[in-house]
Amino acid sequence: MAANPLKLAIIGGGPSAFYVASRILKLQSEAPNLRIHMFDRLWAPHGLVRYGVAPDHPENCTHKFDQAALDSRLRFFGNVDVSATSSSPSIPHALPLSLSSIFKNYTHVLFSTGCTLPTLHPDIPPSEYCIPALDLVHWYTQHPSSSPRSPPPLDKVQHVSIIGMGNVSLDVARMLLTSVDVLRKYDVPEKVLEVLSRSTVKHVSIIGRRGPLEAAFTVKELREMINLPEASMVPLDKSLVTPPPEPPLTRQQSRVLQLLEKGSKQSFGTTPKTWSLDFFRSPIGLTPPSSPHTQAQLSLSHTMLDPTTQRAVSTGVVSTLPTDLVITSLGFHGEPTGAFYDPGLKHLRNVGGRVVTSNGTVLKGVYASGWAATGAKGVLASTMVDAYGVAERILGDWQEEAQDSPSSTADAGDGADAQVDALPALRRAADVDLDAVPEEIQKGLVDGEKKITTYEDWKKVDAEEVRRGEDKGKERERMGWEEARAFLTSLR
């Protein structure tokens, strides 16, 4: 065990943050000189597990997070927005906290802030006929974002086009094609169910630039689409599901082709709703309806794979798809105004989880994990593996700090990088108060308005949401911030 104290601030409260914390606490189970303080701009913990995963995909990883939170050395502070300045939180009701305050109070800092912004299509800007998938996901998960999400006009839509073939695309399609009676037992808010009950959606087209072997969705997600009880898949041309002679297919690719060749469980033409996988199509424009009784026109460039680069290239053929609503699901990127963000990478600049300055020097004691470090890719299992690796690097660096070479690392505020020069140096282990929190947090905890939430607060809300759900015969009935705040205040 290292002799110097380790006081780690984790910015973010999603899966990666909790996986790092749980790993450190487990590997240092007897260390009394260790503290971890977690700050999340959302009032409830668990990030994408609560606000990004489709409600009919409940995850079982939260019990591990609950176990980590039982350790007295870990504290969670929700509804706290950490940014370069403390004046303008991205969520109005969150308590602003400057990054400088973090650096002044902690010996190490980990960014687990994820990728919170949607990648927009360059040729199809958002409009009343085109919305990012993230808007829809935030609507049906009731994400406490900067502005409340308006429900989509599903009662005026029959045909939906989703651009992108990742798991989020299939999540959204499944939500639109699944009966409300089925969704009702899951963690879907009543007001969302009410909108879905009035939906007139009949067909969902899922559009991808390349073919089935390159699609980003997982076998599990595809199988769930194929097994939908009230929607059937438009059969694919046999050429699309015929394995190529070479190179050998991966196991996933083979299973994808087998599923696509077999087709949906319900025969096409026998269900009230349908869906299609439109491979080798690249959207190049969207024309609004010419009258209230017509549809928008989505222009699609037909593509093929370049045999050398395996990238999608145009064949010169263009077709038009009549549609009522376009949903773009092209991935996510980090917040460009965040510290250490690299616009070329679209996530935080780091090497192996260690944050680096713009000149490539490792910034001592500063780390990144999860999508903040890697970009928006992978699933929860890969997030856990990455987080465990970062946790072990933090512990390794902690135990070897006395041997660090000044020529290979830099401290914040030493002039090594204009982006970080304004930040104070991290707190020295020799004079750190392990149990102290930033002054703004201390004031917020005693504020009668109840802005900051603790993990103990969350568990009370969690239990109440489950209780309310049981009354309605469902998994839970989730609360928004104001409702949760009123509930917590009533317990005082």
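Buried means under 20% relative accessible area, exposed means over 50%, and partly exposed lies in between (1.4 Å probe, protein chains only). Keep that scale in mind for the stops below.

This model is predicted: local features need pLDDT of at least 70, side-chain atom pairs count only at pLDDT 80 or more, and totals for chains, interfaces and linings use all residues. Residues are numbered from 1 along each chain as its sequence is written, and side-chain values use heavy atoms, without hydrogens and water.

**Stop one: Arg210.** Select Arg210. Its relative accessible area is 30%, so Arg210 is partly exposed. Arg210 sits in the loop between strand E10 (203-207) and helix H9 (219-226). Helices (H or I, at least four residues) and strands (E, at least two) are DSSP runs, numbered from the N terminus. Now show its contacts, meaning heavy atoms within 4.5 Å. Beyond neighbours within four places in sequence, Arg210 meets Phe279, Phe280, Leu305, Gln310 and Ala312.

**Stop two: the annotated positions.** Gly378 is in the loop between helix H12 (371-374) and helix H13 (380-399).

**Stop three: Asn350.** Select Asn350, in strand E20 (residues 350-351). Is Asn350 buried or exposed? Asn350 is buried, because its relative accessible area is 17%. Next, look at its side chain. A polar atom there lies 2.9 Å from the backbone oxygen of Leu348. The side chain of Asn350 also reaches the backbone nitrogen of Gly353, at 3.0 Å. Leaving out residues up to four places away in sequence, Asn350 touches Val355, Val356 and Ala373.

Key. Polar contact = N/O pair within 3.5 Å; in protein donor to acceptor, adjacent residues only side chain to side chain.
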